[in-house]
Amino acid sequence: MDLQKEIIQEMEALLGRHSIADLDFEAVEMAARRQALRLAARALQQRLNDDTSDYVGPELPCSCGSTAQYRGRHQKTFESVLGPLQLNRAYYYDEHCQSGFCPRDQALGLDSFSLTPGVLRMTASTAALVSFEESRELLHDLAGVEVSTKQVERAAKALGAEIAGEEQQQVDGTGELAPTAPTMDLGMDGTGVPMRAQEVADRIGKQADGSAKTREAKLVTIGTAEARDKEGKPVRDAGSITYSAAMESAATLDTSHELSEFAARVQREAQRRSFHEAQRQVVLGDGSPWIWNTASELFPQATQILDRFHAKEHLGELGKTIYGDSSDAGVWIQARCDLRAACNRWCTRSMTTRTNTHKPGNVSATFGRTDAACLIPSSTNKVSVRPRGWWSRVAKLWSALD
Ligand SMILES: [Zn+2]
């Protein structure tokens, strides 16, 4: 009986003689998928096990340089997109290095944690987004695939190491990708990633007792935004952006000749994208000193732009520091945000002629000296009560803006 007929028969058995209106549709569709996949898995398993062409003689060269002997066909269960597959494969064992291998596993990409390539891809997709445990649940619920939490963890770690290795290798003398637009922008950012307790056991963090719950992942993005929306605002060019991220430090000693780990990553990504060759180069950041320091060290010719979200956030903090909770704060902040928006428009227009030749971390070069001066509170005499440390906080916020 062919697969199609068998599936139709299973459907009939599932539906039985019930009226369609009374069906528990979810139960039926889930059961139907399970049955159809089970039948397909059985057909595939049989086809693969009937084929013994992976036996290629009593001996095979081993990767260690020695020779491995044929030791019969070995059975192993793999989790596939269709469910479990029990596969019999020719097995070769090398006495010299005391390890064995199956040529078929290598040929079909089955040598990763008993997962088939399809399930490995699903696992990588979920593990990149949620925890290992949540990945296991999602794979079960969405794909009907059974992968243990430990398998998710091992697969994610191995793939991560592989990606990291490739990222390090893929840079030679010339950029792999030519600049795709006249202006390229390079953004850097960092964010705290929640960690399992054992991963941060010996780290100092921001918790009250000095412990850490997160580690900072740093990200570099490179892309272009030549396209405009209906209102003429720049929008990200589809497919133009690339990302590279890691939990790496951006700090080095002033006396060190080596780049920090993260700065080296930024440089590799810039090299890969030929960022240096773009007519105009822009570095975007949230105002953190490490971003401007890294940018000034690697791309002194680039224009540094504080992103609008953080500019507004810093202005908001500054307004509240000066005026407290009074309504004056809102008025002052709004006026500065409006001004900043105007500066942004002006800045976008005039960027062709303006590049940052000022001191490291100087964002005002982008906005222009006079614009920066406009941001100084013009009516400081209104501030009647200044809390202790007021000016140092203003100065700190100001330095984040400037
Ligand atoms: Zn060997």
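A residue is buried if 20 or more other C-beta atoms lie within 10 Å of its own, exposed if 12 or fewer, and partly exposed in between, with C-beta atoms placed from the backbone. The model shown in these views is predicted, so that local features need pLDDT of at least 70 and side-chain atom pairs count only at pLDDT 80 or more, while totals for chains, interfaces and linings use all residues. Residues are numbered from 1 along each chain as its sequence is written.

View 1. Q98 lies in the loop between β3 and β4. Helices (H or I, at least four residues) and strands (E, at least two) are DSSP runs, numbered from the N terminus. Most residues other than glycine have a negative phi.

View 2. S114 sits in the loop between α3 (103-108) and α4 (117-127).

**View 3. Q151 is a buried residue of helix α6.** Helix α6 spans residues 149-169 and contains Q151. Q151 is buried because 22 other C-beta atoms lie within 10 Å. Leaving aside neighbours within four places in sequence, Q151 is in contact with F113 and L115; two residues are in contact if their C-beta atoms, placed from the backbone, lie within 7 Å. Q151 and S112 are 39 residues apart in sequence, and their C-alpha atoms are 9.6 Å apart in space.

**View 4. Helices α1 and α2 pack against each other.** Two packed helices are described by the angle between their axes and the distance between the axes. For α1 (residues 3-15) and α2 (residues 25-50), the angle is about 150° and the axes are 10 Å apart. The angle makes α1 roughly antiparallel to α2. Angles under 35 degrees count as roughly parallel, over 145 as roughly antiparallel, 65 to 115 as roughly perpendicular and the rest as oblique. Axes are lines fitted to C-alpha atoms, for helices over the stretch in contact, and angles run from 0 to 180 degrees between N-to-C directions. The crossing of α1 and α2 is right-handed, the term for a near helix turned clockwise from the far one by less than a right angle, with anticlockwise being left-handed. On the α1 side the contact is made by L3, E6, I7, E10, M11, L14 and L15, and on the α2 side by V28, A31, A32, Q35, A36, L39, A40 and A43. By class, the contact of α1 with α2 has 12 nonpolar, 1 polar and 2 charged residues. Ala, Val, Leu, Ile, Met, Phe, Trp, Tyr, Cys and Pro count as nonpolar, Asp, Glu, Lys and Arg as charged, and the others, Gly among them, as polar.

**View 5. Four strands form an open antiparallel sheet.** The strand order is β1-β2-β3-β4. At the edges are β1 (59-61) and β4 (99-101), each of which pairs on one side only. Two strands pair if DSSP finds at least two bridges between them. The twist averages 50° from one strand to the next. Strands β2 (residues 67-80) and β3 (residues 83-94) run antiparallel and are joined by 10 bridges. H74 stands opposite R89 in β3. Helix α2 packs on this sheet and touches β2 and β3, and its direction makes about 20° with that of β3.

**View 6. Five strands form an open sheet with mixed pairing.** The order is β9-β6-β5-β10-β11. The edge strands, β9 (242-246) and β11 (303-306), each pair on one side only. Neighbouring strands are turned by 20° against each other on average, direction ignored. β5 (residues 183-194) and β6 (residues 214-223) pair in the antiparallel sense over 10 bridges, and G187 stands opposite T221 in β6. β5 and β10 pair in the parallel sense over 5 bridges, with R280 in β10 as the bridge partner of T183. Strand β10 (residues 280-285) is also parallel to β11, over 4 bridges; L284 stands opposite I305 in β11.
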